[in-house]
Amino acid sequence: MASSRAGSASKGKRIVKRSMDVTRSAYAEVASVLSQKILSGEIEEGERLPAELMLAEQLGTSRSTVREAFRVLQATGLARRVSPRIMVASRPEGKAAQRETRIALIEQKATYNDVYETIHVLAPALVSLAAKHATKKDIEALRSVIDAQQSCLSDILRSNQLAEKFQALIATVGRNPAMALARSSLRHVVTPTPRDPKEIAKLTHWALNGHRRIVDAIEAHDAELAALVTRRHLEQFRRHWENAGLDFNAAISSLGFGIE
């Protein structure tokens, strides 16, 4: 369904139909209008936003203005880049926590390594809890997501959505809302999208294989193994992110997102 929505936007859907308020900076006005439409549901979760040039032409503004507006949306969690040329609307599980966390991290000049180290502690702990609490129904739900991932490895947008769904399910199975919220708030901070299509394809396969190993450990109710597999999964992705050009010593900015 998300793919069909993405297609409609790419064909020239006019997202912004009213004149911009000239008393505000142009990029802030564009960001404000798009934010309102995303939060209201007029622009749906996962719906592809128009290309920078197309939206600039619709608004009678510059491409750089639109690019800056998109950066604002990314920083607040209301948009995410699923490939170098595709930006989609995002309503991170309806929670302000992700938006506020990203803004706070940027303001505090936190580095990507700061966030990675936090995730490296949180994610294995949450998966370990999932291994302790998982029911047969939980395992079936996780396997269902993996099966869906297997069937659409070439669809980057859908793969991203399913990876997010997998992470959200893990958090639910862990039965710890506080830890799940903390993990969710950091989910999109350290996941840059490689520019090489071959690297993107490789990443989707690695993500799928990692998810399979994690679910196997959860199904075995082996909390220690589940935590170990998750740490190795994250460490492997750190190497891929570094190869994609991410400087872990750099301060948080509005990089695009990929698959974890």
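This is a predicted model: local features need pLDDT of at least 70, side-chain atom pairs count only at pLDDT 80 or more; totals for chains, interfaces and linings use all residues.
Residues are numbered from 1 along each chain as its sequence is written. Local features need pLDDT of at least 70, side-chain atom pairs count only at pLDDT 80 or more, totals for chains, interfaces and linings use all residues, and side-chain values use heavy atoms, with hydrogens and water left out.

Colleague: How many helices and strands does the protein chain have?

Modeller: Helices (H or I, at least four residues) and strands (E, at least two) are DSSP runs, numbered from the N terminus. Along the sequence the pattern reads α-α-α-α-β-β-α-α-α-α-α-α-α. The count is 11 helices and 2 strands.

Colleague: What share of the 260 residues is buried?

Modeller: Buried means under 20% relative accessible area, exposed over 50%, partly exposed in between (1.4 Å probe, protein chains only). By that cut-off, the buried share of the protein chain is 50%.

Colleague: Is S128 buried or exposed?

Modeller: S128 lies in helix α6, residues 112-133. Beyond its neighbours within four places in sequence, S128 is in contact (heavy atoms within 4.5 Å) with A223 and A227. Its relative accessibility is 14%, so S128 counts as buried.

Colleague: What kind of aromatic pair do Y116 and F248 form?

Modeller: Rings of Phe, Tyr and Trp (its six-membered ring) pair if their centres lie within 6.5 Å; planes under 30 degrees apart count as stacked, over 60 as edge-to-face and the rest as tilted. The whole structure has 2 aromatic pairs. For Y116 and F248, the centres are 5.7 Å apart and the planes stand at 90 degrees, making the pair edge-to-face.

Colleague: How many residues apart in sequence are the parts that this pair ties together?

Modeller: Y116 is in helix α6, and F248 is in the segment after α11 (223-243). Y116 is buried at 7% relative accessibility, and F248 is buried at 4%. The pair therefore ties together parts whose separation in sequence is 132 residues.

Colleague: Why is the pair of F237 and W241 tilted?

Modeller: Both residues lie in helix α11, 4 residues apart, about one turn of the helix. F237 is buried at 0% relative accessible area, and W241 at 3% relative accessibility. Their ring centres are 5.9 Å apart and the planes meet at 55 degrees, so the pair is tilted.

Colleague: Where does the charged end of R238 sit?

Modeller: A charge sits over a ring if NZ of Lys or CZ of Arg is within 6 Å of the ring centre and within 35 degrees of the ring normal. The charged end of R238 is 4.8 Å from the ring centre of Y116. It is 3.9 Å from that of F248.

Colleague: What span does α11 reach from its first C-alpha to its last?

Modeller: The expected span is 1.5 Å times one less than the number of residues. For the 21 residues of α11, 30 Å is expected. The model comes close to that, at 31 Å.
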